[in-house]
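Dear colleague,

I am passing on the structure below, together with an account of what was found in it. Please read the notes alongside the coordinates.

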Amino acid sequence: MYRFIHSADWQLGARFSQFGRHGTLLRQARLETLQRTLALAREHHADALLIAGDLFEDNQVDNTLLTTVTDLFHAHPDLPICILPGNHDPHTGPDSIWQRRPLLDAPANIRILREAGVTTLADGVCLLASPLHQKRSTTDPSLKLAELAAPLPPGAIKIGITHGAPAIESKHQPDDFPIALNAATRAGLDYLALGHWHNWLEGLDENRILMPGTPEPDRFANDASGNVALVEITARGHPPRIRPLPVATLAWRTLDHDLLAPGAARAATTAALAALAPDAARTVLRIRLHGAASPATLAETRAWLETALAPFPITQIADDTRIALTPAELGDLQTRHPILAQVLADIDRLETLATGATPAAAVAVTPPAAPEPDTPDVNENTLPLPATTPLVATPLVATPLATTSLADTPPAATLPATPSSAIAPSATPSLSATPPAATPPAAPPPADTPLTLAEAQALLAPSRADLAQLTPAFFAQLRQTLLQTLQEETAPDNTRP
Ligand SMILES: [Mn+2]
């Protein structure tokens with residue numbers, strides 16, 4: 001029976017610059033997690049610790065960190081620690097981290113798997129390693145393992161170790177070291193220790209391939225990270241016994257705060273913060289603001305949060321709110337920007353032209369979903385990105401802004417209920433200024449469908465505009481950006497930081 005701990009993707013030295021000076025706390029947490037893992041290895045009588053790539057963030061981390069890490073390993077001299085270079089810390093040659101003094105002089109229990117080869121872990125137990133020597137490749141690094149396995153005694157327990165993306169349809173990039181989903185059985189391995197993706201992934205190749213994920217979560221979306229794997233292989237050919245050991249130091253939590261119902265949101269956030277307070281020092285907390293909010297409400301909420309979040313050392317506020325202006329606020333904005341009404345009317349007109357639909361609520365718009373901050377390595381996530389925030393209309397704003405578009409509108413009596421923001425005849429050559437009074441009632445009113453799609457296409461063709469991109473969401477975003485920018489630029493108290 002051979003028992004070991006398999007981990008990967010520590011990315012020690014990662015900066016977490018999105019948290020400013022608190023990035024230090026996150027870097028420190030990873031070392032604490034490493035210490036915890038070493039203690040668990042001892043507690044579970046592990047025969048070895050395997051690190052399947054990306055122990056370090058990159059080849060530029062400083063020597064102090066290397067010394068800190070080798071000292072931690074040195075404190076467990078009886079535990080063999082096998083370290084594979086991954087794509088973050090590839091063994092590129094003399095310039096790589098693995099050729100620096102602290103690692104060249106590493107304690108005897110550390111084995112750096114710089115080149116492809118076989119290491120004897122114990123009597124009848126072989127470790128077959130395929131390290132990475134570059135940051136990207138379309139070659140499956142596990143192919144090497146099959147070569148290495150060929151000459152080994154059939155009865156030996158064979159454990160493979162490499163780093164890359166399981167070649168799951170639509171979930172990996174072709175140049176991200178794609179690893180065949182049968183890589184373990186193909187090479188005759190009892191177990192293949194992988195690293196690269198940051199969430200726990202099991203069940204591949206009859207459970208002989210495992211991706212343990214990062215032992216310390218590094219973003220809010222890593223919902224299956226924070227573990228190392230304890231693996232037992234009883235005999236050659238027997239299925240490995242695998243179980244996750246939770247080791248994470250920090251928990252990443254998101255609280256949603258919806259400004260559509262400010263009172264309820266504040267009560268819910270207050271309660272959630274109280275529940276988290278005992279673990280405040282071990283929580284990376286994000287408050288996600290949703291809903292439509294006036295600049296004043298938003299500023300007031302942020303001020304409240306500043307106090308409420310004081311006990312939490314590592315926090316982030318993600319602002320997914322839409323700007324909502326009262327008619328008075330919008331009027332004020334237009335006073336400061338006299339051209340605003342004209343531009344909004346033009347956007348309305350363009351939208352009608354492009355989509356054939358009348359804009360529903362001129363300024364009820366949604367900003368683009370906020371991206372995950374500082375996520376340099378999207379490929380290492382196993383799961384698809386979350387859906388973006390859906391569009392929601394807000395009733396706060398009076399719509400008849402497009403006053404200029406009304407200028408040429410025929411008397412209301414001659415037209416069936418035309419929304420004020422419908423396209424102006426001046427912008428649509430196909431429309432006659434005189435409404436067809438003789439139109440049969442069943443026919444669609446011409447002002448509601450100013451152009452057919454084909455006509456709009458023909459009009460836009462010279463500009464090479466792709467109509468498919470000109471969606472209501474696109475126009476909503478255009479209005480949002482316009483209003484928000486004007487509001488931020490000129491608000492007397494500059495309330496949106
Ligand atoms: Mn990686």
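Two residues are taken to be in contact, or to touch, if their C-beta atoms, placed from the backbone, lie within 7 Å. This is a predicted model, in which local features need pLDDT of at least 70 and side-chain atom pairs count only at pLDDT 80 or more, while totals for chains, interfaces and linings use all residues. Residues are numbered from 1 along each chain as its sequence is written.

On confidence, pLDDT being the predictor's confidence in each residue on a scale from 0 to 100, the protein chain has a mean of 82, with 77% of its residues at 70 or more. Over residues 364-447 the pLDDT is below 50, and this stretch has 136 contacts in the model beyond near neighbours in sequence. The pLDDT also stays under 50 over residues 493-497, where the model has 9 contacts beyond four places in sequence.

The protein chain contains 11 helices and 19 strands, which are DSSP runs numbered from the N terminus (helices being H or I of at least four residues, strands being E of at least two). Of its 497 residues, 36% count as buried; a residue is buried if 20 or more other C-beta atoms lie within 10 Å of its own, exposed if 12 or fewer, and partly exposed in between, with C-beta atoms placed from the backbone. Among contacts in the protein chain with a separation of 6 or more, 73% are accounted for by residues 24 or more positions apart.

In soluble globular proteins, nonpolar side chains tend to be buried together. A nonpolar core here is a set of buried Ala, Val, Leu, Ile, Met, Phe, Trp, Tyr and Cys residues joined through C-beta atoms within 7 Å. The largest such core has 83 residues, of which Leu49, Leu50, Ile51, Ile83, Ile161 and Ala193 touch the most other members. Its largest share, 5 residues, is supplied by strand E6 (residues 125-130), and at least three residues come from each of domain 1 (2-246) and domain 2 (250-320), bounds that come from an automatic or database domain assignment. Leaving aside residues up to four places away in sequence, Ile83 touches Ile51, Leu55, Ile110, Ile112 and Leu113. Apart from this core lies another, of 5 residues, including Leu344, Ile347, Phe475 and Ala476.

Isoleucine 159 belongs to strand E7 (residues 157-163) and counts as buried because it has 29 C-beta neighbours inside 10 Å. With residues up to four places away in sequence again left out, Ile159 touches Cys126, Leu127, Leu189, Asp190, Tyr191 and Ala193. Ile159 and Ile233 are 74 residues apart in sequence, and their C-alpha atoms are 9.5 Å apart in space.

Aspartate 9, with a phi of about 55°, sits in the loop between strand E1 (2-7) and helix H1 (23-43), and its 28 C-beta neighbours inside 10 Å make it buried. Histidine 45, also with a positive phi of about 55°, sits in the loop between H1 and strand E2 (48-51), where its 7 C-beta neighbours inside 10 Å make it exposed.

Finally, in helix H7 the residues Pro295, Leu298 and Thr301 are buried. Seen down the axis of H7, the buried residues fall within an arc of 125° (taken over the directions from the helix axis to the C-beta atoms), so they line one face of the helix. The face turned away from that buried side carries the exposed residues Ala303 and Thr307.

With best wishes
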